[in-house]
Amino acid sequence: MGRNTRKRRTPLATKAIAASAALALGGGGLIWANFYASAHESNNQSWGGNQTKAATAQVATISCPDVGQKLTNVPNQARQGVAMELANLDKQITEAYSRLASTRQSQTNDPSFVQNAIVGPLKEKRAATIDRIRIDIQRVGGSFDNSLKQLAACTTQTANQTTAGGQQQNGGQQQNTGGQQQQNGGQQQNGGQQQAGGQQQNIGGQAGNGPVAADFVDITKVAANVQGKPVRGNNASTGTFTTRCGVNANKNHNTDNVIVAPGVANGAHHLHDYVGNQKVNAFSSNQTFLQGGTSCQNRNDLSSYYWPVVRVQDGTQDFDQNKDGGGKEGNVGKILTPVSAQIKYVGSPASKVVAMPQFLRIITGDAKTTTNGLANANAHWSCTGFENKVQLTSQYPICPQGSKVVRTFAFQSCWDGQNIDSANHRTHVAFADPASGVCGNGFKAIPQLTMRLVYNITPPTIQNGQVKNAYAVDGFPEQLHKPATDHDDFISVTTGGLANKIANCINNGQRCA
């Protein structure tokens, strides 16, 4: 997909053991969706409920092509309308997944139920929405690729077709993160899904839509995979600028995403932490950003830094257990506040940087890797004491005693020099070449935003193929809380010449805060 995909380098896990396939939605209640089952048997669940075993293959989730990633040339006049329709596509998938999770008996009785009652009607709704996108684009003189109509059809995925369930994609590639080239850890943990007679048992997590045992690995058993940084050239920009914006201790949350779904409440279908700008929701604009106030110590930093929350699935619920984006969409458990959040801008090993433009938007990672694949994944999970050795994309780490869980993000550091956003929110920025640090295609180096979030999490345990006290990142319900879906969002908003000060600090090799 355009320049950005070519620059993306993704660390990968080795093939995982087949993951579970039960599905659920709702305020923490379990709704097991075992499909095409002919023999069932109940056994005790770690959450106190019953768990069903199916004798045949189980459907884990609905997989729909990501239309938004293909829309690389949408006229500015049509982008608001297109964004609304893309949000409708997300809502349609969420509703179909909810139906998938709540019709277990019908699916058991009728092998054609999923196709006839869920996937087929979903295709019709998506086709109508894609046609409205066409109309929005052509109405203002834009061109529409009619092959996008083929993206209306969705399929179902069994457990072993999901990212953590055994499909390895883009094998052997590397990913740039803060100048480091990384290969993902090669070990997988057998979650013990296999039952007697070859049956698969669903583990499913507190809400029934993940994570599963195969999504976790003991980090002490993963071989070192972090490689060295590119060699700095004579024109390298070696400084850093740290902005201190807190950990969202004031619990500024919402389930919107103003970048990808402006004007749409609950456009993210999962909960975000917000630091920096304090007035960000689906209905914010560039003007309201300037009036939003900030949690940052530097009052000129009005930028918005936001990421999906992490929850521990210990059987408890949080304030949103009965709300959209929360328990109603499979995001359950206790919300964890990071114990520290470091936001740092770093330079380029190959060149000086130019200041970030006002209102630049960047999304790093992909919230839909379970169904999109790992091409745009940029998740990095590790533990304190292991960060320079092991970084994981497709698994959550189980950290040893005394070690904390760490999420790290390194944003795209090359900018096209013209646009503060793009139709698919990706092609206006790109990653530098991982070996040299050089920006290609006429792109300019900008300060690279890096973020490091640290969490105090009691290590999960895996017993009898089930993970207990799991933790997981919030996500779209059909994405099954896979670790690779982790992502981060940023809108650059500064006053008082701060953007230039950040660039000058980095270019002069200083350490500023």
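Mentor: Start with the surface. The protein exposes about 18600 Å², and carbon and sulfur atoms supply 45% of that area. Accessible areas come from the Shrake-Rupley method with a 1.4 Å probe; for residues, only the protein chains shown count as cover. This is a predicted model, so local features need pLDDT of at least 70 and side-chain atom pairs pLDDT 80 or more, while totals for chains, interfaces and linings use all residues. Residues are numbered from 1 along each chain as its sequence is written, and side-chain values use heavy atoms, leaving out hydrogens and water.

Of the 513 residues, 60% are buried. Buried means under 20% relative accessible area, exposed over 50%, and partly exposed in between (1.4 Å probe, protein chains only).

Now the charges. Side chains of opposite charge can pair when their charged atoms come close. The structure holds 10 salt bridges. Each is a side-chain nitrogen of Lys or Arg within 4 Å of a carboxyl oxygen of Asp or Glu.

Take Asp90 and Lys368. Their closest N and O atoms are 2.5 Å apart. Asp90 sits in helix α3 (residues 76-102), and Lys368 in the loop between β16 (361-365) and α7 (369-372), so this pair ties together parts 278 residues apart in sequence. Helices (H or I, at least four residues) and strands (E, at least two) are DSSP runs, numbered from the N terminus. Both Asp90 and Lys368 are buried.

Asp136 and Arg139 form another salt bridge, at 3.2 Å from N to O. They are three residues apart in helix α5 (residues 113-139), about one helical turn. Asp136 is buried, at 15% relative accessible area. Arg139 is exposed, at 60%.

Next, Arg311 and Asp320 meet at 2.7 Å, N to O. Both are buried. A network of salt bridges links Arg311, Asp320 and Asp474.

Now the strand: β23 (residues 448-455). Seven of its eight residues are buried, so the rest of the structure largely encloses β23. Two strands pair if DSSP finds at least two bridges between them. Strand β15 (residues 340-346) runs antiparallel to β23, joined by seven bridges. There, Ile343 has Met451 as its bridge partner. Strand β19 (residues 405-410) also pairs with β23 in the antiparallel sense, over six bridges. In that pairing, Arg407 stands opposite Leu453.
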